[in-house]
Amino acid sequence: ETMSAEFAQMNTALSALTGFSMGASSIVDLAIQVDPLISASCAHQLAEEVRLRDEAVAVASAAEVVVLFLGLPARLESEGYDRDDIDLPAEQLAVLDAVRATNPNVVVVLSNGGVVALPFARDVPAILEGWLLGQAGGGATADVLFGDVNPSAKLTETIPLRLSDTPAYLDFPGEFGHVRYGEGLFVGYRWYDARNLAVAYPFGHGLSYTTFSHTDAAVRVTDSGDLEVTVTVTNTGQRDGREIVQVYTSLPGSTVQRPVRELKGFASVALTAGQSREVAVTVRRADLAYWDIRVDDWIVEGGEYTVEVGASSRDIRSSVTVAVEGDPVAFPLTRESSLAEAIAHPVVGEMVQGALRQMMATVEGLESVMPEGVSMDRMMMSFPIGRMSGLTGDQVSPEMIDGLIAMANAPQQ
């Protein structure tokens, strides 16, 4: 704790000393005068950081383009413990600011195992995300920087603006060794899209030294029930390159909770400059299914699906719709089942709907208790069928309800 406090004080002193031109020994003396609690070792480290920063500024001022490497040191990132934030070290950001002040043509190369905040994203011409570079990382980075290789990678996770925007922010690290996975289905881009949050860079994003267009998107249902999505991709730039076509689906008005869009397939296509090619992506019917807790099984919900084709989750180029036939769901009814569930039941649904119409026609005064412009049906749909006898008097008896439930749950031939 003492060392952490010293480093914090050292950073404060470092900020105060920025711009001073003096020798290392003078900086040590002045740093200790600024805050006597700073130890001599920390003060020497402060002086070394100032010296290195000045050296970087001197080199940058004489260069046409600056390549600045930033990243997370081992003390901030490991497999054995979790990070406390998503920030790059303050001293690295200070170097970036100092270098940019003397030469704005800065290419930032990142080395990090997990996402980091990029407050400078709009202030530098280019960022190359290297993640955790392996043994050949240096050569690979040089190949991309010098254009020997045209990059084609896409982000597999969203880069947020701040830690507090992330899905698990309120649930992690939890309490007493227990973590609640409160985000549910809304992991990653699903969370940011559902909340319409601004992000630094979206899931699936990735630039290239060329550009691509997506046109003529179409979708059809195959004999096996899969969706075959086709789109024409054209390399509209001057360099050969590779595009990753991403296919997302959604079901507006779904009866279950769903993300705004979900990645269901993708394809990689290599194109020479000016070349066009039709790309096909198959979305399996099984991948459209949700887990229905009523029947403990995967179910494909029927309806008009939206199929989006794009270059990232926030860069949708084409959108088409397709009708998908749903799976029959014979879920068990109980006295606690709602009237809406009974009407939707494939066996007794029509019978219940007919009985409801007849009951509504004979019971007087029901509509008068509802607010103006609101139908009685809206409230009735959430009413448990086991309590219908109390609402309708002698029109529906408990025995009639039990008989309806038995009919719905009987084995079907």
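Mentor: One term to begin with: buried means under 20% relative accessible area, exposed over 50%, partly exposed in between (1.4 Å probe, protein chains only). This is a predicted model: local features need pLDDT of at least 70, side-chain atom pairs count only at pLDDT 80 or more, and totals for chains, interfaces and linings use all residues. Residues are numbered from 1 along each chain as its sequence is written, and side-chain values use heavy atoms, with hydrogens and water left out.

Trainee: Fine. Is Gly147 buried or exposed?

Mentor: Gly147 is buried, because its relative accessible area is 18%. Gly147 sits in the loop between helix 5 (137-145) and helix 6 (189-194). Helices (H or I, at least four residues) and strands (E, at least two) are DSSP runs, numbered from the N terminus.

Trainee: How far is the C-alpha of Gly147 from that of Tyr209?

Mentor: 8.0 Å, with the two residues 62 apart along the chain.

Trainee: What about the peptide bond from Phe172 to Pro173?

Mentor: That bond is cis, with omega near 10°. Pro173 is in the loop between helix 5 and helix 6. Most residues other than glycine have a negative phi, and most peptide bonds are trans.

Trainee: Which phi does Phe176 have?

Mentor: A positive one, about 55°, although Phe176 is not a glycine. Phe176 is in the loop between helix 5 and helix 6. Phe176 counts as exposed because its relative accessible area is 82%.

Trainee: And Asp296, what's its phi?

Mentor: Positive too, about 50°. Asp296 lies in the loop between strand 9 (290-292) and strand 10 (297-299). At 55% relative accessible area, Asp296 is exposed.

Trainee: How many bridges join strand 6 and strand 7?

Mentor: 9, in the antiparallel sense, with strand 6 covering residues 241-250.

Trainee: Last one. Which residues touch the most other members of the largest nonpolar core?

Mentor: Leu227, Val233, Val279 and Val307, out of 25 residues. Strand 5 (227-235) is among the strands that each supply at least two residues. The largest share, 4 residues, comes from strand 5. A nonpolar core is a set of buried Ala, Val, Leu, Ile, Met, Phe, Trp, Tyr and Cys residues joined through side-chain atoms within 4.5 Å.

Key: Pairing = 2+ DSSP bridges.
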